[in-house]
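Please look at the chain shown below before reading on.

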Amino acid sequence: ASMQSILDSWGDGSQDQALAVLLSGVDAQSGPSGVPNLALFQSVAALLLAVCKGTIQVENAISLLSEMKSKNAEAFDILKPLVLDVISSLFPQFPIMLKQSAETKDASKSDANNTAGNKKSEKANDDQSNTVEVPGKLAEFVKQAQQSKLYEQSEVLTGLETEFLFGAKKVKEGFKKREMGHASRINLAQNKFNLMQEESEGFAKLLNEVLEKENLKVDRIEFLQDSIRSCMAVFLLDPHRVSELLIDALKVQVRAGKKSSFTSEATATLLHLLKRFKTPALPQLLGFKFQNVT
């Protein structure tokens, strides 16, 4: 018997029959990678649709999966991700499928006492109730699956679509906004290429300020910081390139190798400036500098 026929006539012994269908579907999976075949996908979809229609209770579906887990854990491990995939891929279509199912049933009825207007209103009410019930019953199914230890919370959060998790109130209201922001930073953020805006004499002025012996003193940090900021503002210098110049100036002081008090004080001053002009790209800049170090 097919899964659909078993679900339509659910009763005593139906759970064992449904379990046999699922196990045979897992055994007949196609390919060495464990990809389930179409028949198994359709069986799982029919099971979830029956839950949404109310043909079987949520408890019946959970009991079926629990029995499968206890009798054949290996087969259940193959079925677990498929159930989540079916929910994610089909839950937006369940209202349409329910509507089509309701229209088919209405067409088969031969009650001549109902008027056409009453039929339309009943269909509209059924459609609205079905549309509302679908996410609620699916959410209840997922909730009971977690409570029955069929799924861990991490499996649910990673295996289901964000739209379903949001509708089932599995994630907070601001999650979608944070996810979109994260995706934008990863996929849409562009590197800055503003070399045409910068004025080259700004770097000459900046180097003069940084390498001036009188400026590289601890008590002149505030003055030097203001001078660097003025150069950045007037000549439109990129903060990352300014940080790179400070690293180069620090490298010059370290390479000098003089044990004089001035060299130590200049190094300390430049280190303080780097801390004040820290940018998100500083680790990348340092990594680039260390690439050529042997």
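What follows is a short briefing on this model, grouped by topic.

This is a predicted model, in which local features need pLDDT of at least 70 and side-chain atom pairs count only at pLDDT 80 or more, whereas totals for chains, interfaces and linings use all residues. Residues are numbered from 1 along each chain as its sequence is written, and side-chain values use heavy atoms, with hydrogens and water left out.

**Overall make-up**

- The chain has 15 helices and zero strands, where helices (H or I, at least four residues) and strands (E, at least two) are DSSP runs numbered from the N terminus.
- Of the 294 residues in the chain, 35% are buried; here buried means under 20% relative accessible area, exposed means over 50%, and partly exposed lies in between, with a 1.4 Å probe and protein chains only.
- A contact means heavy atoms within 4.5 Å, and among contacts in the chain between residues at least 6 apart in sequence, 70% join residues at least 24 apart.

**Nonpolar cores**

- In soluble globular proteins, nonpolar side chains tend to be buried together.
- A nonpolar core is a set of buried Ala, Val, Leu, Ile, Met, Phe, Trp, Tyr and Cys residues joined through side-chain atoms within 4.5 Å.
- The largest nonpolar core holds 43 residues, and those that touch the most other members are L22, V44, M68, L79, I87, F141 and L160.
- Two or more residues of this core come from each of the elements α1 (3-8), α2 (14-27), α3 (38-53), α4, α5, α7 (116-147) and α9 (162-167).
- When residues up to four places away in sequence are not counted, L160 touches L84, I87, S88, V142 and L165.
- A second, separate core has 24 residues, and L206, L237, L245 and I247 are included in it.

**Salt bridges**

- A salt bridge is a side-chain nitrogen of Lys or Arg within 4 Å of a carboxyl oxygen of Asp or Glu, and by this rule the count comes to five.
- K71 and E67 meet in a salt bridge at 2.7 Å, N to O; the two residues are four apart in helix α4 (residues 58-71), and are therefore separated by about one helical turn.
- In this pair, K71 is exposed at 58% relative accessibility, whereas E67 is buried at 14%.
- Which residue forms a salt bridge with E155? The partner is K80, and the closest N and O atoms are 3.0 Å apart.
- Because E155 lies in helix α8 (residues 153-159) and K80 in helix α5 (residues 73-90), this pair ties together parts that are 75 residues apart in sequence.
- E155 is partly exposed, with a relative accessible area of 28%, while K80 is buried at 14%.
- K205 forms a salt bridge with E209, with 3.3 Å between the closest N and O atoms, and these residues, four apart in helix α11 (residues 200-211), are separated by about one helical turn.
- K205 counts as partly exposed at 41% relative accessibility, but E209 is buried, at 13%.

**Rings and cysteines**

- The charged end of R220 sits over the ring of F223, 4.2 Å from its centre; the rule for this asks that NZ of Lys or CZ of Arg is within 6 Å of the ring centre and within 35 degrees of the ring normal.
- A disulfide is a pair of cysteine sulfur atoms within 2.5 Å, and by this rule the count comes to zero.
- C52 is buried, with a relative accessible area of 0%, and C231 also counts as buried, at 4%.

**Single residues to look at**

- Is S243 buried or exposed? S243 is buried, with a relative accessible area of 1%, and it lies in helix α13 (residues 239-256).
- Leaving aside its neighbours within four places in sequence, S243 is in contact with L274, F277, T279 and L285.
- K149 is a residue other than glycine with a positive phi, near 65 degrees; K149 is found in the loop between α7 and α8 and counts as exposed at 59% relative accessibility.
- L236, although not a glycine, has a positive phi of about 55 degrees; L236 lies in the loop between α12 (221-235) and α13, and is partly exposed, with a relative accessible area of 43%.
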